[in-house]
Amino acid sequence: MGYVLSAVARVLEQPTAWGAACEMAVLAGPLWAAALLGLLLGWAWRPRWAAGLVATADSHHPSPPLPFATLDYWRSQLPARILAPLGAAGAEQQQRQEDDASLLGSSEMANEELAVGKDDLVNLWKLVEGRDGGPAWIKMMEKSLPAMTYQAWRRDPQTGPPQYQSSTIFENANPEEVRDFFGDDQFRMSNKWDDMLIYHKTLEECQTTGTMKVHWVRKFPFFCSDREYIIGRRIWKLGGAYYCVTKGVPCSSIPRRNKPRRVDVYYSSWCIRAVESRRGNGGLTACEVLLFHHEDMGIPYEIAKIGIRQGMWGCVKRIEPGLRAYQKARAAGEPLSHSALMAHINTKVGDNFVRGLESNDDQSDIVEAEEKPAKNRVARFLVLGGAVALACTLDQGLLTKALIFGVARKFVGQRNAL
């Protein structure tokens, strides 16, 4: 301030107008130099809206209006070298918001209640990583074909039906074609690799997220009635793996009937990923399918466990020929079915989602099944097998079946005590 006052005093002390003008020029010189430097720097770092202010004389298009001067707007005008040290936290928050939006599907779908959502993906991820905190898995079997290996485990939660986990590795297959294969309901029926599926219909679908609501009817063995399923299905992509959640969902548009009996508790979800071939060629030429399945079929759980154990490999070994037929059909240029095309619509999830889940340390162990004496096992199988046939032949409701099975189980327990 003192410098300015002294400069003004020197101007006033000049005896002539010319002297005063020269003194003012000396005073204004640095100010003009600073203004010129600011103009050059401002033009070099001009913001995007400045281009709209510099319209040519012959332009017939009006300049766009200036945007509202919000804080985010002015932040966007700053040079990148200034924003770089300040924007790391903001960029991470923005990425997290984008991941959350992708889990919902889109802004248009955010207000809609999807049949399968983020919580289902979290649950499946925990199952795949063994962090769901459930009971230990008991190994049931290990089988193989020339181009397929199969392992299966079971566990019994405190409530609900028995749960099953399996690992199936297909040689010479990639995750994309295996994803389409399991999602193709039309080929599932036409090829009959899943001979239990006798009816399917798509009830609802979302072209943004790929979520589907499907009506299934599955044929059970001759002594049981058919079962009806209303399932929701959706696929996510995490890295190079596909996570597909399939579960029973409510549906008011299809009334309940006595036959086929509807299965409400149903969960059959899988993770598909490329793995190294068991043939030792060092390449990721094989594909692993980790499946997690449970359902309440309306029969006592112990009877269901016997039936599943006896029929599991017979159903599984039909999958491999079906996959090879599907590969040949694709190679021959046969068009994809609608349900297979819907499997192509999946939600991509970023690394921040996985990092947020890895802090959970809950784990589920895998243990070997305990071998029972052969004599007791045969006797138990005969008694329970007879109970299966009797209970399912009567088909008079759960109470009757539970009573028959309870008597059989008590008898088996007495034999084991002996």
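I shall speak about confidence, then aromatic contacts, and finally backbone geometry.

What you see is a predicted model. The mean pLDDT of the protein chain is 77, and 65% of its residues reach 70 or more. Two stretches call for caution. Over residues 369-376 the pLDDT is below 50, and this stretch has five contacts in the model beyond near neighbours in sequence. Over residues 394-405 the pLDDT likewise stays under 50; here the model has 21 contacts beyond four places in sequence. Where pLDDT is low, the predicted coordinates should not be read in detail.

Let me turn to the aromatic residues. How many aromatic pairs does the structure hold? There are ten. One of them joins tyrosine 229 and tyrosine 266. A pair of this kind is described by the distance of the ring centres and the angle of the planes. For tyrosine 229 and tyrosine 266, the centres are 4.9 Å apart and the planes stand at 65 degrees, an edge-to-face arrangement. Which elements does this pair connect? Tyrosine 229 belongs to strand S6, residues 227-238, and tyrosine 266 to strand S9, residues 266-275. The pair therefore ties together parts that are 37 residues apart in sequence. Are these two tyrosines buried or exposed? The limit for a buried residue is under 20% relative accessible area. Tyrosine 229, at 0%, is buried, and so is tyrosine 266, at 10%.

Elsewhere, Phe181, Phe182, Phe187, Trp193, Trp270 and Tyr326 form one aromatic cluster.

Two arginines are also placed over aromatic rings. Arginine 179 lies over the face of tyrosine 242, at 4.8 Å from the ring centre. Arginine 227 lies over the face of phenylalanine 220, at 5.1 Å from the ring centre.

I come last to the backbone. Most residues other than glycine have a negative phi. Which phi does asparagine 172 adopt? Although not a glycine, asparagine 172 has a positive phi of about 55 degrees. This residue is found in the loop between strand S3 (163-171) and helix H8 (175-183). With a relative accessible area of 48%, asparagine 172 is partly exposed.

Lysine 192, also not a glycine, has a positive phi of about 65 degrees. Its place is in the loop between helix H9 (185-190) and strand S4 (197-205). Lysine 192 is exposed, because its relative accessible area is 57% and the threshold is over 50%.

Thank you for your attention.

Terms used
Residues numbered from 1 in each chain as written. Predicted model: local features only at pLDDT ≥ 70, side-chain atom pairs only at ≥ 80, totals over all residues. Heavy atoms only, no water. Helix = DSSP H or I, 4+ residues; strand = E, 2+ residues; numbered from the N terminus. Buried < 20%, exposed > 50% of the residue type's maximum accessible area, 1.4 Å probe, protein only. Phe/Tyr/Trp six-rings, centres within 6.5 Å; stacked < 30°, edge-to-face > 60°. Lys NZ or Arg CZ within 6 Å of the ring centre and 35° of its normal. pLDDT = per-residue confidence, 0-100. Contact = heavy atoms within 4.5 Å.
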